[in-house]
Amino acid sequence: MTAGLDLNTMARAGLLCLTAAMLGCASSPCFAPPPGRTAGAALQLRADWDAAALQEVLAYARSQKTTGLLIIHDRQIVAEQHWPLPGDAAAFRAAFVHGQAPDGALLEDVASQQKSFIAILAGAAVDRGLLDVERPVSAYLGAGWSKAAPAAEARISVRHLLEMNSGLREDLRPEAEPGARFFYNTPAYAVTKRVLEQAARQPLDELTRRWLTEPLGMAQTDWRARPAALADSGNPTGLVTTPRDIARMGQLVLDRGLAPDGRRVISSAQLDLLLQRSATNPAYGRLWWLNGGSHALLAGAGAPRREGPLIAAAPADLVAALGAHDRKLFVVPSRQLIVVRTGQAAPARDFNQQLWLRLALALPGGA
């Protein structure tokens with residue numbers, strides 16, 4: 001323990017360590033503090049989690065086919081657990097698992113969580129003067145990248161791809177005016193990766209390493225070619241990573257775009273634009289999901305609408321990177337909280353709500 005911690009804080013930390021040990025979790029300090037903060041100061045910010053309620057969170061996650069759960073509060077790991085895939089998960093393993101990291105976590109293709117990583121790279125490209133999201137996509141890729149007529153295609157901007165309101169169907173044929181309505185369109189999103197490569201004049205692997213994973217210390221994260229069954233979705237490369245590396249992206253959001261060593265990965269202004277509600281969906285920014293809106297248009301055919309916030313039980317300022325099979329990165333700036341979940345699709349249809357109902361009981365002072 002660091003000098004200066006009071007006895008109550010030490011006792012609380014000891015209780016959490018004991019709980020974590022009982023649950024098979026790590027409770028060691030997490031990511032390096034940003035400039036101006038010391039590890040001791042971060043430890044003093046750790047609050048009194050309810051140990052029994054935290055155990056319920058982990059038990060629930062395990063019951064929902066989770067392979068990895070990581071909770072970080074004020075830069076400290078509150079709970080971390082990895083569970084093995086069951087024997088009947090052969091199809092999931094073949095499609096999504098790419099081995100195991102040294103810390104025991106599975107290396108998983110985290111599906112559409114990759115979209116939020118690409119959003120950070122797009123913001124970084126704007127900061128570098130390489131990308132203007134208001135310009136047409138054809139300014140970077142040339143004419144003919146979609147199946148729209150030239151005049152219609154020229155009205156689709158990079159921002160429309162980021163906000164999922166390009167007006168294109170999944171086969172890239174037009175069906176609405178750009179900017180008119182939200183439609184969660186993965187093949188149209190995938191075009192953004194090509195735009196980034198053209199704008200930066202370097203391969204996606206290289207710019208991801210230089211601009212994001214290397215500064216953040218995401219040593220277990222890279223792009224991989226997907227099996228044919230997944231490549232047919234219109235997005236042939238998957239982001240393979242681990243809960244700790246995903247959490248480093250969450251910490252970047254909490255640190256307002258700064259890497260642990262103080263390097264600027266993305267400007268605060270660009271980060272704010274990524275997390276600003278789009279005109280066509282209050283629950284969506286630029287490839288990030290946002291809580292606290294009046295309603296949410298969801299992924300899927302017809303963009304089903306649900307009244308109220310994205311996750312009623314979660315804090316209103318929660319932002320999220322979400323992927324198929326219930327891959328989650330939840331970031332709550334008001335609580336300096338990061339929650340990561342990897343694994344197979346949860347059996348519970350309301351998994352997000354049920355997880356946050358349990359987290360609310362474990363959090364210091366409630367949700």
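Predicted model: local features only at pLDDT ≥ 70, side-chain atom pairs only at ≥ 80, totals over all residues.
Me: Where does W145 lie, and which residues is W145 in contact with, leaving aside its neighbours within four places in sequence?
Reply: W145 is in the loop between α6 (138-141) and α7 (150-153). Its contacts, with those neighbours set aside, include V137, I156, L161, L168, L172 and R194. In sequence W145 and L172 are 27 residues apart, and their C-alpha atoms are 8.6 Å apart in space.

Me: Why is R226 called buried?
Reply: R226 has a relative accessible area of 14%. The limit for buried is under 20%, so R226 is buried. This residue is placed in the loop between β5 (222-225) and α11 (228-231).

Me: What makes the pair R226 and D109 a polar contact?
Reply: The two side chains make this contact at 2.8 Å, and the cut-off for a pair of N or O atoms is within 3.5 Å.

Me: Why are α5 and α12 called oblique to each other?
Reply: Helix α5 (residues 114-127) and helix α12 (residues 243-254) pack at about 45 degrees. Roughly parallel requires an angle under 35 degrees, and roughly perpendicular requires 65 to 115. The two helices are therefore oblique.

Me: Which residues make the contact of α5 with α12, and of what class are they?
Reply: S116, F117 and I120 of α5 meet I246, M249 and L252 of α12. By class, five are nonpolar, one is polar and none is charged.

Conventions. Residues numbered from 1 in each chain as written. Heavy atoms only, no water. Axes fitted to C-alpha atoms, helices over the stretch in contact; angles between N-to-C directions. Parallel < 35°, antiparallel > 145°, perpendicular 65-115°, else oblique. Contact = heavy atoms within 4.5 Å. Nonpolar A, V, L, I, M, F, W, Y, C, P; charged D, E, K, R; others polar. Buried < 20%, exposed > 50% of the residue type's maximum accessible area, 1.4 Å probe, protein only. Polar contact = N/O pair within 3.5 Å; in protein donor to acceptor, adjacent residues only side chain to side chain.
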